[in-house]
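Please find below a note for a colleague who is meeting this structure for the first time.

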Amino acid sequence: MSVKKFSRQRESIRAYLRSTKEHPTADMIYHVVKQQYPSISLGTVYRNLAQLEEDGEIMKVYCGEGTERFDARTDPHYHLICRQCGRVVDLEIPPLNHIDVLAASGFKGEVDGHYVWFWGLCPLCLEKKNNS
């Protein structure tokens, strides 16, 4: 493993991701970190996000249609994507490891894991819907 140079910008990105449950996009992260580091570029944010992901400190959450969001929570867990506002919310359910067994039972290759999206309404959008 190579030693990586310390970066205040990368530390700021890491700290922001650890402080939020919002699952921000790179652009959202850029706008937050830019307040502290006005000269930071979007490219620098992307490079640092890639480094943090490679190091296993964050995970990329693919939301379909080319949308990527980022999460500092790297333990196995699932997400719900709100069909109304697009918010990504953590679901507190146990890992569905039996899916790997089911997938492997009808496949001649090797199944190493899975990625599952759930979609519906987040609590805020459901409250708005119920109050209208």
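How many salt bridges does a search of the whole structure find? The points below begin with that count.

1. This is a predicted model, in which local features need pLDDT of at least 70 and side-chain atom pairs count only at pLDDT 80 or more, while totals for chains, interfaces and linings use all residues. Residues are numbered from 1 along each chain as its sequence is written, and side-chain values use heavy atoms, with hydrogens and water left out.

2. The search of the whole structure finds nine salt bridges, a salt bridge being a side-chain nitrogen of Lys or Arg within 4 Å of a carboxyl oxygen of Asp or Glu. One of them joins the side chains of Glu57 and Arg14, at 2.4 Å from N to O. Because Glu57 lies in the loop between α3 and β1 (59-62) and Arg14 in helix α1, this pair ties together parts that are 43 residues apart in sequence. Helices (H or I, at least four residues) and strands (E, at least two) are DSSP runs, numbered from the N terminus.

3. Glu57 also meets Arg18 in a salt bridge between their side chains, at 3.7 Å from N to O. Since Arg18 is in helix α1 and Glu57 in the loop between α3 and β1, the pair ties together parts that are 39 residues apart in sequence. Salt bridges that share partners join Glu11, Arg14, Arg18 and Glu57 into one network.

4. The residues of these pairs differ in accessibility, for which buried means under 20% relative accessible area, exposed over 50%, and partly exposed in between (1.4 Å probe, protein chains only). Arg14 counts as buried at 11%, Glu57 is partly exposed at 24%, and Arg18 is exposed at 57%.

5. A further salt bridge links Lys60 with Glu68, whose closest N and O atoms are 3.9 Å apart; Glu68 is partly exposed, with a relative accessible area of 27%.

6. Leaving aside neighbours within four places in sequence, Val45 is in contact (heavy atoms within 4.5 Å) with Ile13, Ala26, Ile29, Tyr30 and Ile40.
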